[in-house]
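Me: I'm new to reading protein structures. Could you walk me through one, starting with the overall layout and ending with single residues?

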Amino acid sequence: MYVCLCKAVTDSQLDAAIESGLCSRKQLVQCFGVGGDCGKCNKDIAQILDRKNACR
Ligand code: FES
């Protein structure tokens, strides 16, 4: 499922990135460019980070 429509990034891509070591919203933004356009995905990104118990 797409989390960020603006950058066409899916939850599976974000899950894989977190599992491979990215652990903050800032890192996900730098890697995928998510959250910087319309910003509607920021809440979902935070939930994914929480679900994966990633640092923030
Ligand atoms: Fe992610 Fe617009 S949906 S910035």
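Predicted model: local features only at pLDDT ≥ 70, side-chain atom pairs only at ≥ 80, totals over all residues.

Me: In what pattern do they follow each other along the sequence?

Reply: Reading along the chain, you get β-β-α-α-α. The radius of gyration is 10 Å, close to the 10 Å that the globule rule gives for 56 residues, so the chain is as compact as a globular protein of that length. If you'd rather picture a box, the C-alpha atoms fill one of roughly 25 × 20 × 20 Å along the principal axes.

Me: What domain does UniProt list here, and for which residues?

Reply: The unreviewed UniProt entry gives "domain: BFD-like [2Fe-2S]-binding" for residues 2–50. In the model, that span is 53% helix and 10% strand, and its end C-alpha atoms lie 18 Å apart.

Me: Next, the inside. What share of the residues is buried?

Reply: To judge burial, count the C-beta atoms around a residue: 20 or more others within 10 Å makes it buried. Here 23% of the 56 residues pass that test. The largest nonpolar core has twelve residues, among them Val 3, Leu 14, Phe 32 and Ile 45.

Me: Which elements give two or more residues to this core?

Reply: Those are β1 (2–4), α1 (11–19), α2 (25–32) and α3 (42–51).

Me: Can we zoom in on Val 3: is it buried or exposed?

Reply: Val 3 sits in strand β1. It counts as buried because it has 25 C-beta neighbours inside 10 Å. Leaving aside neighbours within four places in sequence, its contacts include Val 9, Leu 14, Cys 41 and Ile 45. Take Ile 45: it is 42 residues from Val 3 in sequence, yet their C-alpha atoms are 7.5 Å apart.

Me: How many of the contacts across the chain join residues at least 24 apart?

Reply: Look at contacts between residues at least 6 apart in sequence: 48% of them join residues at least 24 apart.

Me: And where is Cys 6?

Reply: Cys 6 lies in the loop between β1 and β2 (9–10). With 15 C-beta neighbours inside 10 Å, Cys 6 counts as partly exposed. Not counting residues up to four places away, Cys 6 touches Asp 37 and Cys 38. Its C-alpha atom is also 8.3 Å from that of Gly 35, 29 residues along the chain.

Note on methods:
Residues numbered from 1 in each chain as written. UniProt positions renumbered as here; feature names shortened; annotations may be inferred. Helix = DSSP H or I, 4+ residues; strand = E, 2+ residues; numbered from the N terminus. Rg over C-alpha atoms; globule rule 2.2 N^0.38 Å. Contact = placed C-beta atoms within 7 Å. Core = buried A, V, L, I, M, F, W, Y, C linked by C-beta atoms within 7 Å.
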